[in-house]
Amino acid sequence: MVERPARLPALPASVIGADGVTLSPAPDGARFVFRGPEGAAQAADEAWGTPLSRVACRATMAMGRAALWLGPDEWLLLAPGEEPETVAAQLAARLPGIGHALVDVSHRQTALILSGVLAETVLAGGNPLDLDIGAFPVGMCTRTLLGKSEIVLWRTGRETFHIEVWRSFAPYVCEFLREHMREFGG
Amino acid sequence: MSDAFRTASGGRIDRARRLAFTFDGRALTGFAGDTLASALIANGVHLVGRSFKYHRPRGIMSAGSDEPNALVTVIRDRARQAPNLRATQVEIYEGLTAISQNRWPSLDFDIGGINDRVSPLLPAGFYYKTFMWPRGFWEKVYEPRIRAAAGLGRVPEGPDPDRYLQRNAHCEVLVIGSGPAGLAAALAAAESGGRVILCDEQNEMGGSLIADHTSSIAGKPAAVWVAETLAQLTAMPRVTLLPRTTAFGYYPHNHLGLVERVTDHLATPDPGQPRERLWQVRAKEVVLASGAIERPLTFPDNDRPGIMLADAAHAYVTRYGAIPGGRAVLATANDSGYRAALALHEAGVEIAAVADLRQAPSGDWLDAARRAGLLVETGATVTGTTGRMRLASVSLARVDGEGGVGGTREIGCDLLLMAGGWTPSVHLFSQSLGKLRFDETLQAYVPGAAPQRIRVAGAAAGIYDLGSALDSGFSAGAAAAGGDGKRNFVVVAAAADTGSVLGSLPHDRDPTKVRAFVDFQNDSTAKDLKLAVREGFRSVEHVKRYTTTGMATDQGKTSNMPMLGILSEAQGKTIPEVGFTTFRPPYTPTTFGNFAGTARGEQFDPVRRTPTHAWAVSQGAVFEDVGLWKRARYFPQRGEDMHAAVLRECRAVRAGVGIFDGSTLGKIEVVGPDAAEFMNRMYVNPWTKLGTGRCRYGIMLREDGFVMDDGVVGRLAPDRFHVTTTTGGAAAVLNMMEDYLQTEWPDLRVWLTSATEQWAVIAVQGPAARAVLEPLVEGIDLSAVALPHMALAEGTICGVPTRLFRVSFTGELGFEINVPSDYGQAVWEAVYAAGIPHGITPYGTESMHVLRAEKGFIIVGQETDGTVTPDDAGLTWAVGKAKPDFVGKRSLSRSGMMDANRKQLVGLMSADNVTVLEEGVQIVADPNQPVPMSVLGHVTSSYLSPSLGHPIALALLAGGRARHGETLHVPMPGGRSIAVQVVPPVFYDPEGTRLNG
């Protein structure tokens with residue numbers, strides 16, 4: 001068996017720091033889009049290890065895995081650090097014959113972490129949503145825009161946001177955020 | 001460094017910080033806190049610009065954003081030259097360089113001033129009347145000359161080196177304006193705990209209170225109350241104070257545009273800071289406290305340097321300590337003019353006369369003026385002025401009860417204050433589509449019914465009295481925050497006076513000879529307006545456009561109401577009958593940089609690059625833009641041009657093997673028990689019988705039956721399809737599929753996921769393709785039997801999981817390797833290395849186009865244009881005729897869609913076998929027929945075929961399939977035409993033996 005080459009991520013592993021806000025790449029791993037009706041979701045709750053949120057725009061997390069609600073029949077499953085094929089095989093084995101779609105998107109997108117007291121302010125440079133903690137609480141996630149790019153935005157902490165972005169849009173998003181961090185020394 | 005025109009003390013300037021600046025090259029100084037206007041006044045400079053049309057010498061009329069005259073260019077360096085800035089809003093900094101505009105060679109001696117002498121020849125509508133004939137002159141003579149003469153200031157020519165940022169903000173209450181009403185509103189709203197944004201266009205907050213030395217609020221001098229209130233607001237974490245921030249636009253759903261000027265006032269801006277920031281605020285509630293603007297008076301020669309709004313003169317003396325003249329006359333229609341006269345008097349300015357337009361004024365201010373010894377004339381009017389570069393005298397006359405004017409006398413002075421009453425600043429309210437109501441008492445338009453969540457307080461609502469303004473602001477702020485709080489501010493202030501005038505002041509001069517300016521910036525006069533009425537213009541909207549009144553960059557802030565007054569007189573109508581013009585954004589001129597934000601240069605749009613982009617760059621690829629993607633177009637070697645590179649690349653693919661980056665192809669994974677049924681409905685093809693591990697060329701139509709997209713679809717499992725789309729069509733195809741699933745077929749158990757970027761696609765094409773790949777794959781049998789054309793297999797390549805398609809867009813034996821994107825570059829390099837012994841050649845999109853054209857494969861968007869059916873494109877074989885339905889099926893059965901004479905895809909060969917046709921040229925039967933010719937079709941693709949050694953073309957031709965063998969013609973410019981022969985569209989290997997090898 002030929003040895004598999006290393007993954008070459010869409011973004012370099014460099015961290016951009018500023019006064020009050022830091023942008024860093026998130027660790028690689030496995031990602032899936034899971035789609036299906038309620039019956040399939042129930043099966044996935046167990047198979048994935050963290051129950052999939054039935055509440056709109058909410059993420060759940062357990063044992064390093066996360067499930068982000070993206071639509072009434074659509075979740076983004078994240079398993080940082082895990083091998084896509086292994087996770088896919090496990091899931092396929094544990095999801096019975098109920099109709100659903102499980103699609104590997106581990107390489108379709110990449111992720112960035114924006115954190116710090118000014119994270120909300122920097123995001124507001126290109127995102128029209130109300131990111132106040134009251135309107136966009138910890139655990140909220142949604143498909144939205146940053147500048148001219150689609151992203152999935154997920155608040156993992158009061159001052160921490162996880163941004164999922166398609167790989168070819170990642171350099172744009174990274175540069176967009178850097179530009180908005182410059183006035184804070186970024 | 002003369003401070004001859006400074007008060008001894010006081011004001012908001014920092015006398016310890018003297019700043020040097022230049023105006024038209026003259027070295028001057030001012031103090032920190034000065035605007036350019038106040039600093040110029042303090043230096044005794046009053047001539048600051050030339051007017052737009054007549055090049056009349058003009059001075060500073062106002063102290064704010066309503067300034068129509070004092071427009072200047074501020075120059076930081078070669079690239080940073082901002083024209084048309086209002087000197088009244090430009091804050092001076094050390095080293096500021098400003099120049100005047102619209103004059104040549106100098107402000108004192110301006111050639112364009114001739115326009116003033118010949119003004120009788122330049123009436124309203126001059127252009128429309130004069131440049132009618134000869135007709136042909138408009139484009140070549142009139143327009144270029146008018147354009148050269150028109151316009152104020154010069155646009156900088158280089159790219160803008162400054163940075164601009166945007167920010168989205170949400171708040172419970174946005175308060176616009178930080179005068180007494182705005183501050184009270186912000187205070188009330190902030191007490192509710194919600195998010196409050198308070199913005200003000202000035203550098204300092206406080207509005208009218210900044211220059212108010214006589215009033216007190218809650219037992220404190222106004223300035224102290226302002227300072228304490230601001231300190232209180234600053235300390236509240238949910239309150240954002242935005243000075244130097246203009247609310248310029250009010251859009252639906254309480255969405256407002258604000259521009260914050262971040263660095264323009266700084267001598268050495270921090271490069272990390274943007275020059276300006278565009279705030280897009282979505283406010284639950286808005287409190288508009290934008291104040292009121294003083295009205296100028298309309299009398300003959302009312303535009304000379306030294307003629308100023310009374311409130312502006314008051315601000316210059318009290319706020320800036322700048323003395324605007326030595327001997328002043330006040331012409332006033334109300335009490336507020338007296339406040340200015342008294343402040344000037346206290347500062348040592350001689351008040352030569354007060355001309356009160358009212359017949360019998362009375363009250364505290366009048367008494368105070370008389371106590372101060374000012375000479376007050378009632379029932380007086382201004383009939384004219386003298387002084388070219390600076391006001392020299394004013395003619396005052398008496399008006400009797402019947403409007404008769406007499407007893408004119410001339411008074412020498414260098415300053416004339418105009419106090420014509422107040423116009424509430426309702427621009428933003430009007431932009432919010434709020435209805436305006438004419439208030440007879442105020443003689444002004446005030447806000448009426450509000451269609452959005454907006455409340456108006458203070459002077460903007462016609463509430464001029466300080467106490468009432470504060471109270472109205474507080475209740476508006478409290479109500480906006482959802483409460484019902486009220487506060488009665490204990491105020492000691494002079495009673496507000498609401499008196500005003502509209503229309504021209506009476507005078508005894510020849511009305512055909514004098515000019516009383518209404519719109520100072522566009523040089524339109526009362527006479528122009530009256531002429532427009534005489535010429536038959538009735539609608540205020542028409543008069544406005546004909547005379548350009550109110551259409552300058554100041555948007556008629558000082559001219560709209562005087563215009564309505566004059567029209568009302570001239571038409572014998574009331575003001576509401578005259579009507580009102582519409583306010584549009586922006587409130588003040590706004591730089592383009594704000595709207596661009598960071599969307600410029602590399603960041604204008606996302607630039608999408610494939611996983612193997614870096615490799616292509618290292619090989620010297622030339623790229624082309626395909627949508628947002630960068631695709632390698634060709635790989636030139638040793639100085640090859642595109643033609644030579646394409647020739648070499650195509651031959652390599654036909655003779656050996658080529659490698660091509662197909663990663664940008666759209667990919668959609670269609671999964672679920674009903675996946676095949678869904679595919680049957682979306683695509684024209686039948687899918688039920690497509691076996692697992694097999695591929696099919698799919699065609700998707702729009703509802704109207706025309707080809708929308710195409711691509712190879714592979715079946716990975718009974719319930720899983722790997723669908724590919726065109727590069728540009730990916731998003732539209734997914735949207736349309738999702739739309740059908742959600743709205744038409746919610747019962748289908750099938751789900752869609754975009755997989756475009758999951759996979760890097762490496763196409764390996766050519767007779768040697770199998771030999772290159774065989775050593776690299778594991779778990780896949782590449783033999784023709786195990787993996788025939790249009791089959792797919794899953795396994796690994798270079799240790800990486802792959803979906804390997806045996807497909808060909810070149811007509812050769814070919815494979816498309818799909819690997820997860822992060823492995824794309826590694827696998828590509830391995831395949832390339834393995835291919836070197838076989839002469840593997842990277843090829844780009846240009847060769848791909850040629851190779852597929854040789855095979856007669858269509859490209860959606862090139863052979864199709866939204867009016868091509870599958871049959872037109874020769875693809876009837878792909879249509880599942882037995883299927884009950886698919887998107888577009890019914891449209892295909894309409895008679896027009898089945899007409900035998902529709903344009904059909906054919907091949908064309910030039911009769912001389914040498915000439916390469918131009919893409920897009922028309923095809924006719926008889927090139928000698930008269931123009932317009934009867935056209936049979938057009939060329940969609942045309943190349944010199946490297947494989948065949950002669951030109952080939954694809955074309956859409958009426959009844960084309962029945963014309964094979966015919967000779968037709970392509971007419972070219974210059975009367976020449978090219979003879980072409982109609983042939984089938986497959987030029988190369990029509991039997992497909994190479995494809996199936």
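Which residue takes a positive phi just after α14(B)? In this predicted model, the residue in question is B:Gly572, whose phi is about 65° and which directly follows the helix. Helix α14 of chain B itself covers residues 560-571, and its length can be checked against expectation: at 1.5 Å a residue, its 12 residues should span 16 Å, and because the end C-alpha atoms are 16 Å apart, the two values agree. Within α14(B), the buried residues are B:Asn560, B:Met561, B:Pro562, B:Met563, B:Leu564, B:Gly565, B:Ile566 and B:Leu567. The cover over these buried positions includes both strands and helices of chain B, namely β25 (422-424), β27 (444-447) and β30 (517-519) together with α12 (526-534), α13 (540-547) and α15 (575-578).

Elsewhere in chain B, helix α5 (residues 180-191) packs with helix α11 (residues 466-480), the two axes coming within 7 Å and crossing at roughly 35°. The crossing of α5(B) and α11(B) is right-handed. On the α5(B) side the contact is made by residues including B:Pro180, B:Leu183 and B:Leu187, and on the α11(B) side by residues among them B:Leu466, B:Leu470 and B:Phe474.

In chain A, 5 strands form an open sheet with antiparallel pairing, arranged in the order β4-β5-β6-β3-β7. The edges of the sheet are formed by β4 (59-62) and β7 of chain A, each of which pairs on one side only, and neighbouring strands are turned against each other by 20° on average, direction ignored. Within this arrangement, β5 (residues 65-71) and β6 (residues 74-80) of chain A run antiparallel and are joined by 5 bridges, with A:Ala66 standing opposite A:Leu78 of β6(A). Helix α2 (residues 84-94) of chain A lies across β3, β6 and β7 of chain A, and runs at about 170° to β7(A).

The two chains meet through 43 residues of chain A, which are in contact with 38 residues of chain B. On the side of chain A that touches chain B, at least two residues each are supplied by β3 (29-35), β7 (101-104) and α4 (170-181) of chain A, and α4(A) gives the most, with 5 residues. The residues on this side of chain A divide into 15 nonpolar, 12 polar and 16 charged.

Technical notes
Residues are numbered from 1 along each chain as its sequence is written. Chains are lettered from A and ligands numbered from 1 in the order in which they are written. This is a predicted model: local features need pLDDT of at least 70, side-chain atom pairs count only at pLDDT 80 or more; totals for chains, interfaces and linings use all residues. Two residues are in contact if their C-beta atoms, placed from the backbone, lie within 7 Å. Helices (H or I, at least four residues) and strands (E, at least two) are DSSP runs, numbered from the N terminus. Ala, Val, Leu, Ile, Met, Phe, Trp, Tyr, Cys and Pro count as nonpolar, Asp, Glu, Lys and Arg as charged, and the others, Gly among them, as polar. Axes are lines fitted to C-alpha atoms, for helices over the stretch in contact, and angles run from 0 to 180 degrees between N-to-C directions. A crossing is left-handed if the near helix is turned anticlockwise from the far one by less than a right angle, and right-handed if clockwise. Two strands pair if DSSP finds at least two bridges between them. The expected span of a helix is 1.5 Å times one less than its number of residues. A residue is buried if 20 or more other C-beta atoms lie within 10 Å of its own, exposed if 12 or fewer, and partly exposed in between; C-beta atoms are placed from the backbone.
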